[in-house]
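Good morning, colleagues. Please turn to the model on the screen while I describe how its parts are arranged.

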Amino acid sequence: MAFPHRPDAPELPDFSMLKRLARDQLIYLLEQLPGKKDLFIEPDLMSPLDRIASVSILKQHEVDKLYKVENKPVLSTNEQLCFLVRPRIKNMRYIANLVNADKSAGRTRKYKVIFSPQKFYACEMVLEEEGIYGDVSCDEWAFSLLPLDVDLLSMELPEFFRDYFLEGDQRWINTVAQALHLLSTLYGPFPNSYGIGRCAKMSYELWRTLEEEEESETKSRRPEIGHIFLLDRDTDFVTALCSQVVYEGLVDDTFRIKCGSVDFGPEVTSSEKSLKVLLNADDKVFSEIRNEHFSNVFGFLSQKARNLQAQYDRRRGMDIKQMKNFVSQELKGLKQEHRLLSLHIGACESIMKKKTKQDFQELIKTEHALLEGFNIRESTSYIEEHIDRQVSPIESLRLMCLLSITENGLIPKDYRSLKTQYLQSYGPEHLLTFSNLRGAGLLTEQAPGDTLTAVESKVSKLVTDKAAGKITDAFSSLAKRSNFRAISKKLNLIPRVDGEYDLKVPRDMAYVFSGAYVPLSCRIIEQVLERRSWQGLEEVVRLLNCSECAFTDTTKEDRASSESLRLILVVFLGGCTFSEISALRFLGREKGYRFIFLTTAVTNSARLMEAMSEVKT
């Protein structure tokens, strides 16, 4: 049931070193403030910190009390205060208010601010404006790589998506470059680099600059990872907007996986308590079903339950010695497996209840119609009904964006009608959200010039490719064009299926969307790896509006072993979904590759829409 990797598949690097490095650096920073101190932690750093250093480790290094950075009066009586925060203006104001309140009360304490993952000049400016720059000491905890699983690293920067793709803010690019530099320092240089997207190109160039400054250190290292792939989220919005149907993706869509763990409520645990569960390869039940299409999961879990019962039943005919061995060697493992099994069965039941209530089948049917470009009028009516019934503001937005991107923008009449209905149904406060979606190219209106596509293609045939590229760029700069249909045709994203698609024995990556669609991001990676460059994909690159931003750099392959050349690091800038991870794991199994994922954060359709929304849920 779980994807068994081919016997010749390369071993994954051990990423536990990254955790140790982060922990040691944090301890070093805490010890810079000797003696007892209270630690104030920003809420969204709590989960990552929990994975790196437990409360007991913090206590060993004289952290007395822990507080959340929130809008409440500070009750700390300690003489030393330490703040572990993201580099955000509001945090600086919070710290300034606290220090100035102490000053007014005639109280002197020591203050230390630790920025994670880096310090920004703007933050220091605010401290200066507030008149407390001389009262606090500032440091950086350069922690930007959190191993969530054996093959998944996260930078835990969910704001990256909005900052870069909506606001054009490039401040996190340095963080990405530093993270890549750390990986190449620990695991050797990457012989082959490929990338697509403006952010990918900038991150790559800054990283290469860092590498050149310290080239001598990594030069002698043997590469452990043969290929690195950098991909901008805006080259493929469609995949991120689709409903997920692999088990891990569904758990994320339903319960929200946060920093590698999930809170299962009473409806799953069958008790009054909620339970926080770590979802990774150590959970033997989860690791066998995580990449599976949901329709296969129940059958697998019930079979597992029967096997477990049979193992328990073996006790009946045992003598005392055998019973003693059974209790000491097997019982604990069986009980653990039993607990995990009942949790995942509970999660499946809960997902089923929610999806039946939502009429999930109808929703998936509409999504598939949009991906294939059929029954557009019916799909539009479905979205209108969704809005009128006020099913969910986020879901309605998602469907509108999917319609817009697959259709290369909405015709003006539909755009105005859907927008008006949405604002009447969910409230006029969503008006700014539409402006954001338009700015990011997620929900656009076809301009009158968009009817030029037929003319444009004729012109393209008449002039050389390069000039055609320039003409197309001139057209595409009028509005962010998605060209999804043309790309879909070129890369064969909608598989032609003869008969029923067998989800139990998937034949291609399309199984992660019930056989209806191969994720565009994953297909691009597959094609580039086959060709070892972008050659032959020029038309696809042009349609993605990335003519300036696709690069290949293959230089150091001579020192790489054949094993390392089958190990591929994929970097998603702006977030990556569990469906894409499952699809690439499948591709790896088929082709004898192993994929490692590095993402700015794990995302899904709801998180994308929330990042663009001006209405906080």
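I begin with a definition: a nonpolar core is a set of buried Ala, Val, Leu, Ile, Met, Phe, Trp, Tyr and Cys residues joined through side-chain atoms within 4.5 Å. Buried here means under 20% relative accessible area, exposed means over 50%, and partly exposed lies in between, with a 1.4 Å probe and protein chains only. The model is a predicted one, in which local features need pLDDT of at least 70 and side-chain atom pairs count only at pLDDT 80 or more, while totals for chains, interfaces and linings use all residues. Residues are numbered from 1 along each chain as its sequence is written, and side-chain values use heavy atoms, with hydrogens and water left out.

How many residues does the largest nonpolar core have? It has 190, and those with the most contacts inside it are Phe-83, Trp-141, Leu-183, Tyr-247, Leu-442 and Phe-595. Across the protein, 56% of the 617 residues count as buried.

Let us take Phe-595 from that group. With contact meaning heavy atoms within 4.5 Å, and leaving aside neighbours within four places in sequence, the residues that Phe-595 touches include Leu-12, Asp-151, Ile-525 and Val-570. For the protein, residues 24 or more positions apart account for 78% of the contacts with a separation of 6 or more.

Now the secondary structure. Helices (H or I, at least four residues) and strands (E, at least two) are DSSP runs numbered from the N terminus, and the protein has 27 helices and 14 strands. Two strands pair if DSSP finds at least two bridges between them.

Five strands form an open sheet in the order E2-E1-E3-E4-E5, and the pairing is parallel. Strand E2 (63–68) and E5 stand at the edges with a single partner strand each, so one side of each is left without a neighbour in the sheet. The twist averages 20° from one strand to the next; angles run from 0 to 180 degrees between N-to-C directions, and axes are lines fitted to C-alpha atoms, for helices over the stretch in contact.

Within this sheet, consider strand E4, residues 110–115: five of its six residues are buried. Strand E3 (residues 80–85) is joined to E4 by six bridges, and Gln-80 has Lys-110 as its bridge partner in E4. The chain passes from E3 to E4 through helix H4 (residues 89–104) in a right-handed β-α-β crossover. Right-handed means that, with the strands pointing away from the viewer, the path from the first strand over the helix to the second runs clockwise. On to strand E5 (residues 136–140), E4 is joined by five bridges, and Phe-115 has Glu-140 as its bridge partner there. E4, helix H5 (residues 121–129) and E5 also make a right-handed β-α-β unit.

A further open sheet has seven strands in the order E6-E7-E14-E13-E9-E8-E12, with mixed pairing. Its edge strands are E6 (146–149) and E12 (550–554), each pairing on one side only. E6 and strand E7 (residues 152–154) pair in the antiparallel sense over three bridges. Helix H8 (residues 198–213) lies across E8, E9, E12 and E13, at about 135° to E9, and helix H24 (residues 520–531) lies across E8, E9, E13 and E14, at about 145° to E9.

Finally, helices H19 (residues 412–426) and H20 (residues 431–439) pack at an angle of about 145°, with axes 10 Å apart. The residues making this contact include Tyr-415 and Tyr-422 of H19 and Phe-434 of H20.
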